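Please consult the sequence and the model while reading the points below.

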Amino acid sequence: MKIILLGAPGCGKGTQAVKIQNKFGIKHVSSGDLFRAAISSGTPIGNLAKEYMNKGQLVPDNVTIELVKNTLQAKIEDGSLENGFMLDGFPRTLDQAKELQKFMDIDLVLYFEISNDKVLERIAKRKFCSKCKENYVAGDDFTTCTKCGGKIVRRDDDDPEVAKKRLEVYEKQTFPLIEYYKELGILKTINADQPQEKVEQDINVLLGEV
Ligand code: AMP
């Protein structure tokens, strides 16, 4: 199954993606993670992406589309997506969505609907293990991961000012995708204001139906 996870930064789609991957074997492909890996490796794409990411802006479409398409193509060829995949953070603009549609048919778009207040509150609190990606919240007293001993960190772009900018960008550039996928008849809405366990249950029901 080919799924897109759509929603504002901090809506919980990354957390749910890990759960879906573990339960259904559908692979999590995050464009943000691809860019962060490119930054860590110091590649030209990484150096370019960093400038945009640190300001809360989108990386230009041509660079993003190329990176995601090449990644999907390579993973399809090596067989690692045989149970399907979930795209997290891509597409984020109408042009990206249209390019993806030319490349392949998507089965389902899970739209995580959430209020702005809740998003900013969640981003302000979130931290994670730099090694295994386990999530933590600001109130937790840990500095190292209880699962793997990795260092617990915050994302640079979770700084409150950058987070506000990312939300503005989402409203302007990504919001139109909801209508686009509604018209294609493949959009299903999840109430992401709910506690994590309830969101997970709702997704399981939806995936069972598809
Ligand atoms: P994320 O981890 O999905 O929140 O993405 C972090 C940052 O990576 C975003 O704020 C953008 O700067 C960049 N990024 C990730 N995905 C895309 C995309 N589809 N189009 C443009 N920029 C992206």
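Two residues are in contact when heavy atoms of theirs lie within 4.5 Å. The model described here is predicted. Its chain contains 9 helices and 8 strands.

**Overall form**

- The chain has 210 residues, for which a compact globule would have a radius of gyration near 17 Å; the value for the chain is 17 Å, which agrees.
- The C-alpha trace spans about 45 × 40 × 35 Å along its principal axes.
- Of the contacts between residues at least 6 apart in sequence, 69% join residues at least 24 apart.

**Surface and charge**

- Of the 210 residues, 41% count as buried.
- The chain exposes about 11200 Å², and 49% of this area is supplied by carbon and sulfur atoms.
- There are 31 positive and 32 negative side chains, and the centres of these two sets lie 3 Å apart.

**Nonpolar cores**

- The largest nonpolar core comprises 45 residues. The residues with the most contacts inside this core are Leu6, Leu72, Leu87, Leu100, Leu110 and Tyr181.
- Strand S4, which covers residues 108-113, gives the most to this core, with 5 residues.
- Another core, of 6 residues, lies apart from the largest one; Ala49, Met53, Val59 and Leu67 are among its members.
- With residues up to four places away in sequence not counted, Leu110 touches Ile3, Ile4, Leu5, Leu6, Lys188, Ile190, Ile203 and Leu206.

**Asp88**

- Asp88 is located in strand S3, which covers residues 85-88.
- The relative accessible area of Asp88 is 8%. Because buried means under 20%, Asp88 counts as buried.
- When neighbours within four places in sequence are left aside, Asp88 is in contact with Leu5, Lys13, Gly14, His28, Val29, Ser30 and Ser31.

**Gln173**

- Gln173 belongs to helix H7, which covers residues 160-174.
- The relative accessibility of Gln173 is 35%. Since partly exposed residues fall between the 20% limit for buried and the 50% limit for exposed, Gln173 counts as partly exposed.
- Gln173 touches Leu58, Arg92, Thr93 and Leu94, with residues up to four places away in sequence not counted.
- Gln173 and Leu58 are 115 residues apart along the chain, and their C-alpha atoms are separated by 9.1 Å.

Key
Residues numbered from 1 in each chain as written. Predicted model: local features only at pLDDT ≥ 70, side-chain atom pairs only at ≥ 80, totals over all residues. Heavy atoms only, no water. Helix = DSSP H or I, 4+ residues; strand = E, 2+ residues; numbered from the N terminus. Rg over C-alpha atoms; globule rule 2.2 N^0.38 Å. Buried < 20%, exposed > 50% of the residue type's maximum accessible area, 1.4 Å probe, protein only. Areas by Shrake-Rupley, 256 points an atom, 1.4 Å probe, with all protein chains shown as cover. Lys, Arg positive; Asp, Glu negative; His and termini not counted. Charge placed at Lys NZ, Arg CZ, Asp CG, Glu CD. Core = buried A, V, L, I, M, F, W, Y, C linked by side-chain atoms within 4.5 Å.
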